[in-house]
Every structure is written in structure tokens, then in C-alpha cells.
Amino acid sequence: MYFLGSQEYPITVASSDSTGQGIFVANAKDTSIINFTNFYNLSNPNKDGWDLTGAITFYKSDVEINSCLFSSNLSGDDYLNIVNSN
């Protein structure tokens, strides 16, 4: 997963009606890169009894995060979980 914003042109990932669930990356072969990205009003993914604790979760998937904002976590324990990953 790549979000390649810049200081001049940041990326915004948001739920305008507060119903947006988050992002789950599992067993990715390549390192995800997230630069200059702002996350707002997301909640943890929850569907059919499958419930993650973080709005954004990387599981066994390396990630590089630079100059990002995680704001207004609507539900779940955490906004960002990085599990068994670098």
C-alpha cells in the first residue's frame, strides 16, 4: 500500500459521515509506504463477527510511516496497530 503525499499536497483519508471503517494489511510481500497522509474519523474494521482493535492495522506486513496524522479514532482500542511487522 502506498500513500505518497507531500508537504505541499498531503493525502486525506477520512469518513465524512463517521461510518468508515479502517484499513487492514496482512502478509504483504513489499513494505507499505505512507508519507504526508492524514487519517480522520475512522473506526476499527468490524464485520460478520470479525473485529480488529485498531482502525489501521498492519499484520506481518512491514510499513514505513513519515509525517502522518491519525486523528479522531471513532472506535476500537487504537488508531494504529503494527503487529509482527517492522
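Strands (E, at least two residues) and helices (H or I, at least four) are DSSP runs numbered from the N terminus.

Leaving aside residues up to four places away in sequence, Ile-65 touches Ile-34, Phe-70, Leu-80 and Ile-82, where contact means heavy atoms within 4.5 Å. The C-alpha atoms of Ile-65 and Thr-31 are separated by 10 Å, and these two residues are 34 residues apart along the chain.

## Basis of the model

This is a predicted model, in which local features need pLDDT of at least 70, side-chain atom pairs count only at pLDDT 80 or more, and totals for chains, interfaces and linings use all residues. Residues are numbered from 1 along each chain as its sequence is written, and side-chain values use heavy atoms, with hydrogens and water left out.

## Strand pairing

Two strands pair if DSSP finds at least two bridges between them. Strand S2 (residues 11–14) and strand S5 (residues 37–40) run parallel and are joined by 4 bridges; here Ile-11 stands opposite Thr-37. S5 also pairs with strand S10 (residues 69–71), in the parallel sense and over 3 bridges. Tyr-40 has Ser-71 in S10 as its bridge partner.

Strand S8 (residues 54–59) runs parallel to S11 and is joined to S11 by 5 bridges, and Ile-56 has Leu-80 in S11 as its bridge partner.

## Aromatic residues

The structure holds 3 aromatic pairs. Rings of Phe, Tyr and Trp (its six-membered ring) pair if their centres lie within 6.5 Å; planes under 30 degrees apart count as stacked, over 60 as edge-to-face and the rest as tilted. Phe-3 and Phe-39 form an edge-to-face pair, 6.0 Å centre to centre with 90° between the planes. This pair links distant parts of the chain, since Phe-3 lies in strand S1 (residues 2–4) and Phe-39 in strand S5, 36 residues apart. Both Phe-3 and Phe-39 are buried.

Phe-39 and Phe-70 have ring centres 5.1 Å apart and planes at 5°, so this pair is stacked. Phe-39 is in strand S5 and Phe-70 in strand S10, so the pair ties together parts that are 31 residues apart in sequence. Phe-39 counts as buried because its relative accessibility is 0%, whereas Phe-70 is partly exposed at 26%. Phe-3, Phe-39, Phe-70 and Tyr-79 form one aromatic cluster.

## The nonpolar core

The largest nonpolar core has 12 residues, among them Phe-3, Val-13, Phe-39, Ile-56 and Tyr-79. Such a core is a set of buried Ala, Val, Leu, Ile, Met, Phe, Trp, Tyr and Cys residues joined through side-chain atoms within 4.5 Å. S3 and S8 each supply at least two residues of this core, and S8 gives the most, with 3 residues.

Ser-61 lies in the loop between S8 and S9 and counts as buried because its relative accessibility is 1%. A polar atom of the Ser-61 side chain lies 2.9 Å from the backbone nitrogen of Asn-27, and a polar atom of this side chain lies 2.9 Å from the backbone oxygen of Tyr-59.

Most residues other than glycine have a negative phi. Ser-67 is not a glycine, yet has a positive phi of about 55°; Ser-67 is found in the loop between S9 and S10 and is partly exposed, with a relative accessible area of 49%. Asn-84 also has a positive phi, near 50°. Asn-84 is found in the segment after S11 and is exposed, with a relative accessible area of 58%.

Notes. Buried < 20%, exposed > 50% of the residue type's maximum accessible area, 1.4 Å probe, protein only. Polar contact = N/O pair within 3.5 Å; in protein donor to acceptor, adjacent residues only side chain to side chain.
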